Amino acid sequence: MSRPATAMDHRAFEPSLIDLKEWREDMVEALRGLRRWALTHRLSDEQSAARIAHLERRLASDRLSIAFVAEVSRGKSELVNALFFADLGVRLLPSGEGRTTICPMEILHDPSRPPSIRLLPIETRESPRALREFIAESAGWKEVALDPARPESLAQAFDVLSETQNVTAGEAQHLGLGGESGGRVEIPRWRYAIVNFPHPLLAMGLTILDTPGLDALRNEPELTMHRLQEADAVVFMLSVDSGVTDTDLALWREHIEPIEGLGHTRYVVLNKIDGLRDGTKPEGEVLSEIDRQVRRTAETLDVDPTQVFPLSARQGLAARIAGDGDTLAKSRVYRLEQALARGLVHARRQDHATSIRAEVRSLLAESFALLESRRSFVEEQVAELGQLQGKNQKLVDSLGRKAADERSRIEEARTALAGLRAVHNRHAEELAMLLDPATAREAGLRARAAVLSTSFSAGIGQSVDAYFREVRGRITRAVEVIGEVKAMMATVNRRFADSWGLSPVELAPFSTDRFPLELDRLEEHCSRDFRSATSLLTRGRRALAALFFDTVATQVIHVFEIADREVRTWMNSFIRPLEAQVSAFQEQANSRIEGMARIRDAESGLVGRIDDLQAFLRESEERAKEWESHDARFARLLDIEGPGVVAPAR
Ligand SMILES: Nc1nc2c(ncn2[C@@H]2O[C@H](COP(=O)(O)OP(=O)(O)OP(=O)(O)O)[C@@H](O)[C@H]2O)c(=O)[nH]1
Ligand SMILES: [Mg+2]
């Protein structure tokens with residue numbers, strides 16, 4: 001931003017002040033950015049944020065003050081005019097005979113007030129209130145309006161600064177001015193003046209303090225105590241025509257030397273070097289005379305010779321007003337100007353930078369640590385959950401396989417049961433058919449009809465035999481089937497136990513012997529009663545047929561009824577529990593599958609959580625990048641070499 005200042009540059013101050021102003025604005029911007037960023041992401045507490053906000057305000061309303069201190073007539077007013085106000089084309093501050101500045105004054109620009117000279121009457125010295133208290137208020141001041149549009153009228157207005165009043169020595173003493181008693185004395189009319197003047201340099205925050213000689217400083221200790229202490233630069237003026245006088249030295253020793261922290265912003269001006277050029281002396285001699293004086297002054301004041309600026313304020317002002325480059329170069333005013341501008345701005349930057357650096361460094365360090373700990377906490381979680389997820393993934397995979405297995409096992413069991421059911425039904429049907437009491441009854445009825453239609457004993461025997469062959473055949477076949485069923489039940493029990501872990505259905509014992517035995521008994525009985533020839537003769541065919549049916553056939557039917565009922569019960573006692581077991585097995589398997597589904601859901605919950613955390617980590621990356629850009633921005637603004645204000649402890 002800064003453009004190189006040349007000897008002819010009328011405004012060496014302006015670029016420096018603009019530079020500083022831009023730097024301050026950038027800094028305010030950077031501080032505000034950092035503060036808001038830290039607050040938004042909960043990286044700063046309220047106090048640090050408040051301290052940063054305070055720095056922002058301080059930067060925004062920044063003033064730079066230069067105090068000019070010298071004994072009477074060293075050329076302060078002329079130098080101020082030459083340095084800052086030559087662009088007006090006329091002298092702003094009156095200088096010369098009878099225009100001695102006898103009241104300390106500040107020149108500044110306060111846009112909230114009209115241009116004016118405000119004057120604090122000397123009588124306020126009687127008040128117990130401090131000068132700074134008066135300065136902070138507007139009460140008690142006399143105000144003289146200024147018209148900046150008419151520069152030529154300004155000098156006249158400024159004449160009030162030289163106003164005196166004639167008082168008795170007693171009155172002067174009463175005001176703390178002067179020591180002798182008797183007679184009358186001239187004392188300043190004004191105690192302090194504040195000039196509010198709209199000028200570009202002043203508008204950029206420059207304040208000029210003009211303090212008249214040793215007496216004024218001695219009379220008004222607050223000037224030394226506060227105004228000079230607070231000044232950003234102090235220009236102490238001497239004049240080559242008078243050299244370093246005793247009062248100059250006293251002024252220096254009492255009021256300038258003790259000011260701490262000025263460093264390079266304490267300047268000594270050796271004014272009126274034009275007086276060394278009488279027009280006959282060769283330039284070389286003039287230059288070595290200047291050099292001698294500079295060294296002598298530096299020695300006397302115990303300062304570095306580079307802090308001593310020989311110049312001619314009068315020539316400087318005249319050259320500037322006339323636009324005469326050669327004379328301006330000879331005046332050397334620009335050298336002081338450049339040193340002042342650079343030194344002041346540099347010192348002010350250093351000042352700001354020191355307080356900003358401390359604040360920003362702690363906030364950056366704090367927020368860095370916070371970001372790091374948040375990030376590492378989440379990273380740990382991601383790692384842990386990742387491991388869990390790995391395990392879970394395996395678990396879920398195996399659960400998936402298991403669930404599929406379970407499902408196919410259920411399917412198999414169901415198919416097996418259905419097959420069994422079919423066989424069982426076939427057996428049950430066959431047994432029901434074989435043991436059907438109605439069929440047995442029909443056989444009985446057929447046998448009875450045969451007995452009726454037979455006319456000789458042998459025929460009866462044959463009919464009965466045929467009857468028994470039929471029913472026995474049925475029973476025999478039924479016993480065979482029951483045997484098959486028993487075998488099948490045993491096999492099924494084993495298979496269901498082996499394949500699906502079902503506990504075997506307890507097989508109820510079912511004895512089949514009694515049915516053929518009962519048939520045997522009935523047949524024996526029958527052959528006794530019906531086969532012999534006598535029975536037919538004695539009882540008659542009809543009665544015999546009836547007897548056969550009522551005694552033999554009904555009993556056989558009864559055997560079939562019992563067999564039929566018991567076989568049904570027995571068969572059901574196997575198939576029912578088996579069905580119940582298979583359906584219990586299905587239920588369990590289904591609930592296992594459901595459980596696995598729940599675990600899978602939990603797994604997808606875990607995946608969601610990990611996704612969230614990873615999103616947080618990505619955000620953390622962004623925060624870290626933002627942090628770095630804040631850090632780098634401040635490093636740049638604070639002129640710090642290296643990686644940043646806070647070197648990340650990575
Ligand atoms: N030869 C010469 N005379 C100068 C120079 N600067 C100022 N003077 C003269 O010195 C006298 C005092 O100048 P001022 O500017 O009034 O000095 P000051 O320090 O403000 O003086 P007071 O306000 O009276 O204390 C005036 O007559 C100026 O013309 C200079 O560079 N060369
Ligand atoms: Mg003056």
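Visitor: How many bridges join β2 to strand β7?

Guide: Two strands pair if DSSP finds at least two bridges between them. Helices (H or I, at least four residues) and strands (E, at least two) are DSSP runs, numbered from the N terminus. In this predicted model, 4 bridges join β2 to strand β7 (residues 190-196), and the two run parallel. Isoleucine 107 stands opposite valine 195 in β7. Strand β8 (residues 206-211) is joined to β2 by 3 bridges and runs antiparallel to β2; there, isoleucine 107 stands opposite isoleucine 208.

Visitor: On what conventions do these values rest?

Guide: Residues are numbered from 1 along each chain as its sequence is written, and chains are lettered from A and ligands numbered from 1 in the order in which they are written. Local features need pLDDT of at least 70, side-chain atom pairs count only at pLDDT 80 or more, totals for chains, interfaces and linings use all residues, and side-chain values use heavy atoms, with hydrogens and water left out.

Visitor: Which residues of strand β5 form the covered face, and which the uncovered one?

Guide: In a regular strand the side chains alternate between the two faces of the sheet. Buried means under 20% relative accessible area, exposed over 50%, partly exposed in between (1.4 Å probe, protein chains only). In β5 (residues 164-168), Gln165 and Val167 make up the covered face, whereas Thr164, Asn166 and Thr168 make up the uncovered one. Strand β2 (residues 105-108) has both faces covered: Met105 and Ile107 on one side, and Glu106 and Leu108 on the other, are all buried.

Visitor: Is histidine 424 buried or exposed?

Guide: Histidine 424, in helix α14 (residues 333-434), is buried, with a relative accessible area of 3%. Contact means heavy atoms within 4.5 Å; not counting residues up to four places away in sequence, histidine 424 touches Met571 and Ile575.

Visitor: Which residues come nearest to ligand 1?

Guide: A residue is near a molecule if one of its heavy atoms lies within 4 Å of it. Of the 17 residues around ligand 1, Lys76, Ser77, Thr100, Thr101 and Asp274 come nearest. Helix α3 (76-84) and helix α12 (313-322) each supply at least two residues of this shell, and α3 gives the most, with 3 residues.

Visitor: How far is an oxygen atom of ligand 1 from a polar backbone atom of serine 73?

Guide: The distance is 3.0 Å. A polar side-chain atom of asparagine 271 lies 3.1 Å from an oxygen atom of ligand 1.

Conventions:
Polar contact = N/O pair within 3.5 Å; in protein donor to acceptor, adjacent residues only side chain to side chain.
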